[in-house]
Amino acid sequence: MTKTSDVARHVVQLRAAGVALILDLRSAGLPTVVHWGADPGPCDQAELDAMAEAAIAPHVINLIDGPVSHSVLPEGHTGWFGIPGLSGSRSGAAWAPRFTVSKAVQEERRLTVEAADPGTALGLCLVIELTGSGLVRLRTSVRNDGDDDYRVDAVSAVLPVPERAADLLDLAGRWSRERQPQRGAFNMGVHLREGRRGRTGADAATVVVAGVPGFGFRSGEVWAVHTAWSGNHRTWAERTGEGFRTLGGGESLLPGEIVLRPGESYESPELFFGYADGLDELAARFHRHLRERPHHPGSPRPVNLNVWEAVYFDHDLGKLLALAERGAGIGVERFVLDDGWFHRRNASDRGLGDWFVDDQTWPDGLHPLVDRVKELGMTFGLWFEPEMVSPLSELAVKHPEWIMRARPQLPPASRWQQVLDLAHPEAYEHVLTRMSEVIAEYGVGYLKWDHNRDLIEAPHVHRQTLAAYRLMDELRATFPGLEIESCSSGGARVDLGVLEHTDRVWASDCIDPLERQTIQRWTSQLIPLELIGGHVASTVSHTTGRRHDLAFRAITSLFAHFGLELDLTRLDDAETAELAEWIGIYKRYRTLLHSGTLVRDEHLSTGRWLTGVVTPRLALYSVAAVRRSDEEPAGRMTFPGLDPALRYAVRIVGPNRDDLGPRPGWLDAPGLLSGATLGTVGVRLPTLRPETAMLIEIAAQPALDGQAVGNAESVTEQKANG
């Protein structure tokens with residue numbers, strides 16, 4: 001039974017997974033944070049009260065005559081001069097709220113605070129939860145209790161970080177180069193990352209991290225925030241002259257986008273705050289949270305074959321059947337038909353919105369292809385871009401009023417398309433009906449859901465985002481088992497908001513493995529590998545023109561949800577056989593990869609990046625040379641995350657590894673090494689040429705018979721017993 005307590009006028013402690021959030025509700029005002037970080041252990045009420053008293057700053061001259069403070073929803077009357085928690089007004093009045101808490105209820109690790117301000121006629125509800133993985137999840141609801149309209153301009157929440165959090169890290173990027181790390185000092189003022197593209201954005205911060213100087217993957221205290229929303233948003237770090245350092249976020253609202261009529265409420269997107277020792281532990285908290293959701297994908301993630309880079313718009317049935325047959329022959333489990341199948345869609349400037357199978361390209365519909373795909377034992381997936389419309393489409397000609405615009409003229413086109421206004425009820429029903437009919441007719445089990453342009457001069461991004469979420473949910477409810485991939489001109493819609501409605505994200509349109517080493521490494525700072533689409537590219541990359549061997553392409557794709565995006569009919573017998581071996585390796589290790597703990601490291605002088613997934617008795621690591629080494633031969637490589645008390649066997653995995661450079665002698669007759677030795681002393685590895693990689697299995701040896709752990713598909717059982 002869940003324990004419920006009235007905690008108004010108390011100091012409250014929430015604890016989970018080595019993290020504590022301590023909140024002071026002793027005054028009538030909104031809760032202030034006494035501590036967010038490492039768990040000091042259980043504290044009685046006397047100690048919590050003393051801790052709260054010890055956190056109150058002394059008065060200094062030239063500030064308000066009283067302690068300067070801020071709550072999780074900062075208000076100006078407390079002496080806070082930073083970003084306010086609530087911005088809004090009634091035609092320029094009632095813009096300075098002073099909320100008084102009327103009720104505060106604690107249910108295990110969840111605190112619900114209700115407050116009101118008669119002066120501005122506003123009600124407020126804060127829900128603050130510490131998840132089982134140690135993340136703080138926070139959402140805010142503002143209610144108009146007045147008799148006239150209240151315009152909401154911004155609702156923001158923050159948590160404080162200590163002064164030792166002196167460095168900042170977040171992510172930036174562009175199309176085909178998403179989630180690139182950038183790092184600097186936590187200076188005075190606001191480091192604001194605002195997305196106003198109508199979607200998350202390829203340039204989104206994803207997570208803003210504050211940490212102690214020198215923090216890295218394996219150590220160093222870090223505090224982080226993520227805004228779980230797929231529309232316009234803000235995420236920031238702020239430092240003030242009063243000694244406050246905060247992390248915060250919220251939705252970025254357009255002027256007049258949220259106007260509350262009497263009795264109406266606005267609910268903000270969820271914010272996720274994480275504390276950890278090192279970036280890997282921070283990532284593990286997000287991964288564990290996602291894996292604990294009831295709807296998280298539980299079955300082995302199938303090998304995808306997406307045919308975009310094999311055929312583009314040239315939908316020839318014979319070629320597609322050949323791809324399906326070759327794919328099935330080497331172990332593909334899902335066949336995905338990309339853009340180009342619908343009405344007159346033989347180029348990028350037409351067809352969007354006309355979700356009918358093109359009768360010229362497909363005179364018998366998609367049935368000949370779909371039937372053969374299913375005969376071969378694969379499931380069938382299909383590409384849609386439901387939120388867009390082509391001006392050169394029958395839909396746009398028939399219903400120009402369904403095109404989103406802020407003025408009579410159309411916004412500038414992007415990728416030869418406009419935005420379909422899903423907040424328009426008839427437009428929404430049209431798309432829902434057309435998609436449902438196609439999914440039902442062809443038994444579609446997977447949607448590649450694309451969103452290929454920014455929203456320019458869009459009058460209601462908030463409603464559009466909610467409508468897209470609702471459309472996804474309705475389709476999944478109608479077709480149980482349907483999976484949806486969030487694609488947005490690559491990785492421009494990667495956030496925890498969209499992942500409540502989808503089953504994976506497409507990390508980037510760039511599948512050059514060198515670029516993907518960075519993109520996937522930093523996408524996994526938030527999202528576990530099983531939810532990140534990573535495909536084996538062609539020998540020559542479509543987006544960069546670089547040439548890479550199959551081993552580098554395959555090893556990079558293994559540390560994601562593995563798939564293929566190349567023309568299988570162009571491979572010779574040797575390449576086909578090698579690709580089949582890599583698919584077999586993925587199937588062998590996918591349970592490990594999609595349930596274990598991610599670990600990362602980098603050796604700056606040698607240009608080698610280590611990426612691994614570890615369980616108590618089995619680990620798989622990639623060592624990739626992302627640039628030429630400053631030293632040769634490279635020094636010893638250590639392998640983090642292993643049990644220091646166990647003894648392990650080390651072996652290189654994968655076909656055709658004669659391409660590796662000089663091989664150290666110990667690998668010819670490897671002995672057993674403890675997890676402590678592998679994690680602190682390390683071993684010599686073969687030399688790697690630039691832009692190549694090796695795959696290494698490290699398996700614990702049973703104490704009695706010395707037999708290696710050989711079946712990674714049993715790793716879940718091993719973890720349960722381990």
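Reader: Are Trp-341 and Phe-342 buried or exposed?

Author: Buried means under 20% relative accessible area, exposed means over 50%, and partly exposed lies in between, with a 1.4 Å probe and protein chains only. Trp-341 and Phe-342 are both buried. This is a predicted model, in which local features need pLDDT of at least 70 and side-chain atom pairs count only at pLDDT 80 or more, while totals for chains, interfaces and linings use all residues. Residues are numbered from 1 along each chain as its sequence is written, and side-chain values use heavy atoms, with hydrogens and water left out.

Reader: How many aromatic pairs does the structure hold?

Author: Rings of Phe, Tyr and Trp (its six-membered ring) pair if their centres lie within 6.5 Å; planes under 30 degrees apart are stacked, over 60 edge-to-face, and the rest tilted. The structure holds 16 such pairs. One of them joins Trp-341 and Phe-342 in an edge-to-face arrangement, at 5.3 Å centre to centre and with 80° between the planes.

Reader: Which residue lies over the face of Phe-356?

Author: A charge sits over a ring if NZ of Lys or CZ of Arg is within 6 Å of the ring centre and within 35 degrees of the ring normal. Over the face of Phe-356 lies Arg-434, at 3.9 Å from the ring centre. Tyr-428 has Arg-470 over its face, at 3.9 Å from the ring centre.

Reader: Which value does phi take at Ala-94 and at Glu-691?

Author: Ala-94, although not a glycine, has a positive phi of about 55°, and the residue is found in the loop between strand E5 (86-89) and strand E6 (100-107). For Glu-691, phi is near 60°, again a positive value in a residue other than glycine. The loop between helix H12 (675-680) and strand E36 (692-700) holds Glu-691, which is partly exposed at 25% relative accessibility.

Reader: How many cavities of 30 Å³ or more does a search of the whole structure find?

Author: On a 1 Å grid over the protein atoms alone, a cavity is a set of points where a 1.4 Å probe fits but cannot get out; a pocket is an open set with protein on both sides within 12 Å along at least five of seven lines, and lining residues have an atom within 4 Å of a point. Grid points are joined across faces, edges and corners, and a volume is the space filled by probe spheres set on the points. The search finds seven cavities of 30 Å³ or more. The largest cavity holds about 130 Å³ of space. It is lined by 13 residues, of which Gln-517, Gln-520, Arg-521, Phe-559 and Thr-611 are the closest to its centre. Helix H9 gives the most to this lining, with four residues.

Reader: How does the lining of the largest cavity divide by class?

Author: Ala, Val, Leu, Ile, Met, Phe, Trp, Tyr, Cys and Pro count as nonpolar, Asp, Glu, Lys and Arg as charged, and the others, Gly among them, as polar. The lining of the largest cavity has four nonpolar, six polar and three charged residues.

Reader: What is the volume of the largest pocket, and which residues lie nearest its centre?

Author: The largest pocket contains about 1100 Å³ of space. Its lining has 37 residues, with Val-33, Ala-55, Val-68, Ser-69 and Phe-244 nearest the centre. Strand E4 (residues 32-38) supplies the largest share, six residues. By class, the lining of this pocket comprises 17 nonpolar, 12 polar and eight charged residues.

Reader: How many disulfides are found?

Author: A disulfide is a pair of cysteine sulfur atoms within 2.5 Å. The search of the whole structure finds zero disulfides. Cys-487 is buried, with a relative accessible area of 0%, whereas Cys-125 is partly exposed at 22%.

Key. Helix = DSSP H or I, 4+ residues; strand = E, 2+ residues; numbered from the N terminus.
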